[in-house]
There are 2 protein chains.
Amino acid sequence: MWCIKKFIFVWLLCFRSLIMSSDIKSEQTCHLSNTLIEEIDSYAPIVQRIINETIQGSFKGNTWQDLAIFVDKFGPRFTGTQVLEDAIDYVLNKSISFGLENVHGEPVTVPRWVRGSESATLLQPRHKDLALLGLGYSVGTPEEGITANAVVVNSFKELKKRAKEIPGKIVVYNEKFISYGETVEYRSSGATRAAELGAMAVLIRSVTPFSLYTPHTGMMSYGENVTKIPAACITIEDATLLQRMSDRGETIVINLKMQARRYPDTQSRNVIADITGSSIPEKTVVVSGHIDSWDVGQGAMDDGAGSFVSWNALKLLKHLGIRARRTIRMIMWTSEELGIIGANYYIQNHTLENKNLQFVMESDTGTFIPQGLKFSGNKLVECILQRIMLLLAPLGNMKLDSPCDGPDIESWINAGIPGGSLWTRDEKYFYYHHTNADTMLAENPKALDMNTAIFAAVSFVLADISVDLPHNYTSENVFIKSP
Amino acid sequence: MWCIKKFIFVWLLCFRSLIMSSDIKSEQTCHLSNTLIEEIDSYAPIVQRIINETIQGSFKGNTWQDLAIFVDKFGPRFTGTQVLEDAIDYVLNKSISFGLENVHGEPVTVPRWVRGSESATLLQPRHKDLALLGLGYSVGTPEEGITANAVVVNSFKELKKRAKEIPGKIVVYNEKFISYGETVEYRSSGATRAAELGAMAVLIRSVTPFSLYTPHTGMMSYGENVTKIPAACITIEDATLLQRMSDRGETIVINLKMQARRYPDTQSRNVIADITGSSIPEKTVVVSGHIDSWDVGQGAMDDGAGSFVSWNALKLLKHLGIRARRTIRMIMWTSEELGIIGANYYIQNHTLENKNLQFVMESDTGTFIPQGLKFSGNKLVECILQRIMLLLAPLGNMKLDSPCDGPDIESWINAGIPGGSLWTRDEKYFYYHHTNADTMLAENPKALDMNTAIFAAVSFVLADISVDLPHNYTSENVFIKSP
């Protein structure tokens with residue numbers, strides 16, 4: 001999950017969420033017509049079939065197994081690597097062999113950033129290797145590295161207060177983890193803020209609530225007209241160690257070496273596979289995740305699992321021989337981790353089709369045991385989804401929350417297209433996120449089955465239902481009946 | 001905590017524990033004389049002072065702070081390194097400055113094993129670096145490493161069954177974590193068992209219930225008349241990855257390079273500091289932990305914290321000006337991790353003093369929030385400790401369990417000397433144990449204060465009380481009144 005500029009947007013969404021959540025609480029009554037209620041309820045048998053097939057039928061355990069084969073075969077799938085393109089070919093070829101339709105890759109120009117070897121060594125007050133992961137887009141250091149005294153700060157406020165000490169130093173941010181959305185700002189703009197004050201490099205405490213000496217990578221960006229200085233994340237363990245040394249008045253000297261380098265842009269592809277609609281194929285429900293990952297771990301959780309929940313939802317519907325009136329489109333986005341490159345490219349180049357988008361879904365915040373769906377949309381969308389949630393009762397009490405949370409579909413949501421994402425018990429998401437620990441151990445077969453069933457069921461019902469969902473949060477609560 | 005031969009002993013203790021636990025449950029009534037009960041109860045004000053001083057007084061937070069200064073200054077303190085000897089000097093000098101008595105280091109001959117650089121690389125079916133930590137006493141590989149096909153087994157039973165496949169291979173053990181005591185057998189004797197069947201090397205799944213791509217080290221040993229083959233632990237993530245590849249029938253080729261090497265024995269010291277008894281100084285209560293650690297992390301939890309709880313118990317009593325009738329001796333054992341070297345040497349060379357040992361304590365299984373004390377001793381010991389636990393009520397409901405758990409004091413316990421160890425909520429001990437994550441983050445100031453108070457209070461009361469605790473589990477339940 002890429003989250004740099006996003007956090008500002010998340011605040012806006014959160015604000016809207018407050019209003020919407022209170023809506024959900026205060027206005028329990030939905031005024032759907034009896035006909036529409038009956039229509040939604042009539043999908044109960046088909047949803048039951050979908051659930052049965054994933055939870056106890058021939059698809060049981062499939063998503064976990066398929067994902068394991070994929071991530072074990074390819075490992076991490078970083079933007080600009082051949083292995084990502086091989087993984088894309090794999091999904092395209094398999095999609096064809098499964099009988100999915102309109103299977104193709106849509107070319108996207110993507111950045112190419114290469115980590116290279118990297119090390120950080122504490123030289124004073126004692127010698128110690130500091131585990132680190134350079135941040136995406138960071139520049140490297142000279143070959144001999146940067147050796148400088150460190151200034152440890154626990155906030156941007158402290159950085160500003162100690163501005164006079166910063167020139168020529170390595171700034172170590174030991175910021176407390178509040179929430180990902182809030183704390184990631186240190187990773188995103190920590191280099192820029194320190195560079196503005198004359199720092200040589202920054203080492204940032206990894207953005208996570210828990211660590212077993214686990215460095216986390218992620219994206220950063222440089223402000224305009226600022227010297228680009230190297231930026232990497234270190235572990236909570238080492239950030240707090242350096243803080244204590246600093247608090248004791250000890251002189252801290254660090255050598256940082258990073259070969260990180262940006263190369264010319266290259267080509268990748270978004271992966272598309274459809275189950276074409278039977279009567280209004282131009283109208284579409286999208287299910288999606290991103291196929292690229294960071295260059296560490298296996299990219300199993302972020303976002304192999306989200307992609308495979310989407311892909312297996314289509315494979316499951318195909319297997320069951322269920323075809324909706326609208327098209328259900330699976331998209332695996334490319335280069336999400338380096339700035340939502342694939343999704344933004346696709347959305348910008350398909351704006352004419354926006355009017356035909358019925359509902360857009362993504363899973364990119366973990367595939368733990370589901371609690372329901374997070375959605376963005378107006379009251380009528382909410383009411384329809386609430387009714388659909390009742391169909392998922394065999395999976396437990398599935399609830400609605402708002403807004404939806406999918407970085408790749410964000411531009412669509414901003415354009416007023418209703419969308420949804422998985423709502424799961426994601427307590428440990430940020431334990432694994434962007435680390436070497438993002439492997440199949442973070443994934444649970446039962447949870448993946450449940451999430452696959454939810455994506456299959458929700459996308460099918462919304463693709464088949466007789467009404468088009470209204471766009472825009474401010475739109476009239478009026479349905480347009482599909483032909 | 002060193003646990004190789006120990007697990008056999010633990011089984012014996014567990015068996016005894018079953019009997020003793022049922023004792024604790026079935027026979028709630030203790031037949032202590034009213035005089036003795038009154039005597040124990042009379043320590044309530046002094047125990048209250050000890051607790052007040054640690055929980056809300058001038059010692060609040062001290063153990064955490066002192067430990068942080070120590071482990072931040074020295075880092076890991078591996079047997080045979082100068083840094084361990086420097087750390088020992090630090091404790092000796094500080095002990096003198098605190099006014100502790102009989103402060104000295106007792107020389108011990110210790111082994112010297114050096115890890116050197118090490119790497120494991122998966123070459124087929126795809127290229128991947130495998131994080132690893134070589135095991136203590138393992139031999140190294142030739143310079144170019146060992147490149148061989150891997151055989152992945154999930155148990156010794158499977159190893160035996162596939163004996164014909166083993167010659168010339170690297171055996172990967174993907175054993176499930178049951179409990180440390182049970183599962184550590186793979187780390188301890190996995191190399192020997194595989195070597196007996198002709199294996200070239202072993203890679204063992206780290207002995208832990210949870211991992212964030214965290215390799216764990218620890219000790220291993222070679223059986224007699226067996227070819228010594230290199231042995232290292234890999235992460236759960238990679239062990240299960242290799243298992244899945246193997247299950248799919250893929251050929252797995254690994255290159256293992258280890259520079260590990262044994263050097264001639266060298267010298268270290270057990271650290272001793274006393275508060276000499278006021279009237280029967282030859283009789284002693286021991287509080288202890290081990291000062292050495294593995295060569296990764298900071299050795300904060302294993303066993304910096306245990307050592308510092310013991311040390312600070314003495315510092316606290318000194319600070320409060322409380323001197324017991326018997327001597328309270330703090331021992332920081334050296335070279336526990338390479339086979340309980342320091343403690344066994346001390347105990348063998350002080351057998352004549354065994355008769356004067358009133359009670360021996362160690363903390364080496366974590367210093368989380370305490371639940372009470374684990375003890376080894378007969379019914380009378382239990383009854384006295386039960387009464388003492390009531391004095392600790394200001395810390396919560398402190399309970400007794402059995403047997404005690406301290407690798408260094410094990411030989412004394414085996415000789416029938418009554419002993420105790422902290423009983424804490426140690427759920428996460430094996431997350432951190434023998435890893436780079438064993439740092440101050442694993443330690444909690446409040447828990448350390450509580451444990452320090454327990455060690456200070458229990459050691460003081462037992463050192464001051466009018467009766468000698470009986471030795472031997474089978475001894476008569478008769479007290480000998482101290483002069």
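Mentor: Contact means heavy atoms within 4.5 Å. On that basis, 100% of the interface residues of chain B are also interface residues in chain A, so the copies meet through the same surface. This is a predicted model, in which local features need pLDDT of at least 70 and side-chain atom pairs count only at pLDDT 80 or more, while totals for chains, interfaces and linings use all residues. Residues are numbered from 1 along each chain as its sequence is written, chains are lettered from A and ligands numbered from 1 in the order in which they are written, and side-chain values use heavy atoms, with hydrogens and water left out.

Now the strand. Strands are DSSP runs of E of at least two residues, numbered from the N terminus. Strand β16 of chain B covers residues 419–424, and six of its six residues are buried, that is, under 20% relative accessible area with a 1.4 Å probe and protein chains only. Strands pair if DSSP finds at least two bridges between them. β13(B), residues 357–362, runs parallel to β16(B) and is joined to it by three bridges; B:Glu362 has B:Ser421 as its bridge partner there. β14(B), residues 370–376, pairs with β16(B) in the antiparallel sense over six bridges, with B:Leu373 opposite B:Leu422.

Key: Buried means under 20% relative accessible area, exposed over 50%, partly exposed in between (1.4 Å probe, protein chains only). Helices (H or I, at least four residues) and strands (E, at least two) are DSSP runs, numbered from the N terminus.
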